[in-house]
Amino acid sequence: MSRAAVVCGVGSYLPPNLVSNEELAARVGSSDEWIRSRTGITQRYFATTGMATSDLAVEAGARALKSSGDSSVDSVVLATATPDHPSPATAPLIATKLGLTGVGAYDLAAVCSGFVYALASAAGMIAIGAADRVLVIGADTYSSVLDFQDRTTSVIFGDGAGAVVLRAGDAEEPGALGPFDLGSDGEGSHMITVRAPGSRQRLSGVPAEPRDQYFYMEGKEVFWRAVQRMAESTKAVLAQAGWSSDDVDWLFSHQANLRIQHSLADVLTISRGHVFSNIAEVGNTAAASVPLALDQAHSTGVLKAGDRVLLTAFGGGLSWGSTLLRWPVLPL
Ligand code: UT7
């Protein structure tokens with residue numbers, strides 16, 4: 001028997017404001033054809049006025065807790081790059097709104113890799129006995145930091161939240177997470193960034209330009225790095241687990257661009273038919289992307305108990321991470 005973190009609940013939430021390619025293209029000077037062909041995206045959801053990341057996270061968290069059949073946890077971990085405020089962390093507020101006042105709660109900032117990092121962090125807490133049950137949420141409202149003067153980045157993001165509940169269990173049972181691989185490369189930190197507010201800018205003596213408060217990405221430079229890093233990282237966990245690419249029933253890679261998802265599958269020699277993608281309907285939802293995809297695949301019956309699942313993500317930092325599991329029996 002080896003103590004491990006086991007997935008025992010899953011849930012997700014999308015905000016109500018559905019934005020089509022046509023609507024967004026008219027606003028930013030793009031076209032449905034460009035967005036579809038370059039990214040695979042056809043629509044996304046944006047938070048409505050007054051709705052913040054915690055609001056999305058609470059909904060997803062409540063659904064994951066319900067799916068786990070037990071509304072109590074010892075800790076709440078929120079992966080996000082768009083917290084409600086620069087300080088304090090958003091997770092304590094989410095915990096309280098879920099009726100969990102008193103539990104450990106913290107945010108984890110690894111941008112689009114955040115959910116995989118948060119799974120590793122929560123699995124570590126469970127492994128050392130610091131927690132028996134953890135709610136892990138990935139939630140982002142990128143619409144709050146998008147620069148709608150920048151047509152390339154503003155058409156790819158959407159808002160959303162996804163969550164899983166982890167419980168202490170055995171490494172050999174379905175749902176057990178691991179091995180993990182995590183990596184980063186700060187040389188590329190300028191490639192995906194929101195420069196302000198932050199201590200560097202605030203202490204510079206120079207007021208922030210309005211554009212410094214918006215999301216900036218060097219998309220072309222990031223593209224091939226995403227494929228390369230997720231390929232290396234997934235190969236590492238597959239080797240550690242003794243799985244071959246043929247063993248993978250479903251590849252859940254960060255939903256950044258359908259072309260990245262397909263290129264990664266090709267490099268790994270995993271058939272594109274084994275790639276789960278919901279980017280067409282939701283866009284790139286950052287830290288929410290992997291758990292949102294898991295919940296949609298589960299609730300639509302695509303993902304079945306016993307399926308061998310490979311999770312991988314890449315994003316700002318630069319950062320990346322991977323893990324795997326056999327999908328457990330969960331209520332629909
Ligand atoms: O989530 C974190 C990780 N993120 C990623 O992994 C994202 C990785 N990068 C990408 O997915 C892609 O680089 C983008 C989708 C962001 C951009 O696609 P691209 O094929 O790399 O486009 P590009 O920036 O090289 O631009 C190609 C052309 C340019 O025109 P010219 O110079 O060839 O005439 C752009 O001006 O497309 C033009 N363009 C657009 N045209 C219409 C760029 N954005 C748009 C647009 N609508 N929205």
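In this predicted model, 45 residues of domain 1 touch 43 residues of domain 2, a contact being heavy atoms within 4.5 Å. The model is predicted, so local features need pLDDT of at least 70 and side-chain atom pairs count only at pLDDT 80 or more, while totals for chains, interfaces and linings use all residues. Residues are numbered from 1 along each chain as its sequence is written, and side-chain values use heavy atoms, with hydrogens and water left out.

The bounds come from an automatic or database domain assignment:

| Domain | Residues |
|---|---|
| domain 1 | 3–170 |
| domain 2 | 180–326 |

Their C-alpha centres are 14 Å apart. Together the two domains bury about 3,400 Å², with 65% of that area from carbon and sulfur atoms; buried area is the accessible area (1.4 Å probe) that two parts lose on being put together, summed over both. On the domain 1 side, Cys112, Val116 and Tyr117 supply 17% of the area buried against domain 2, more than any other three residues.

What about charges? The rule finds one salt bridge across the interface, where a salt bridge is a side-chain nitrogen of Lys or Arg within 4 Å of a carboxyl oxygen of Asp or Glu. Arg211 and Asp147 form a salt bridge, with their closest N and O atoms 3.3 Å apart.
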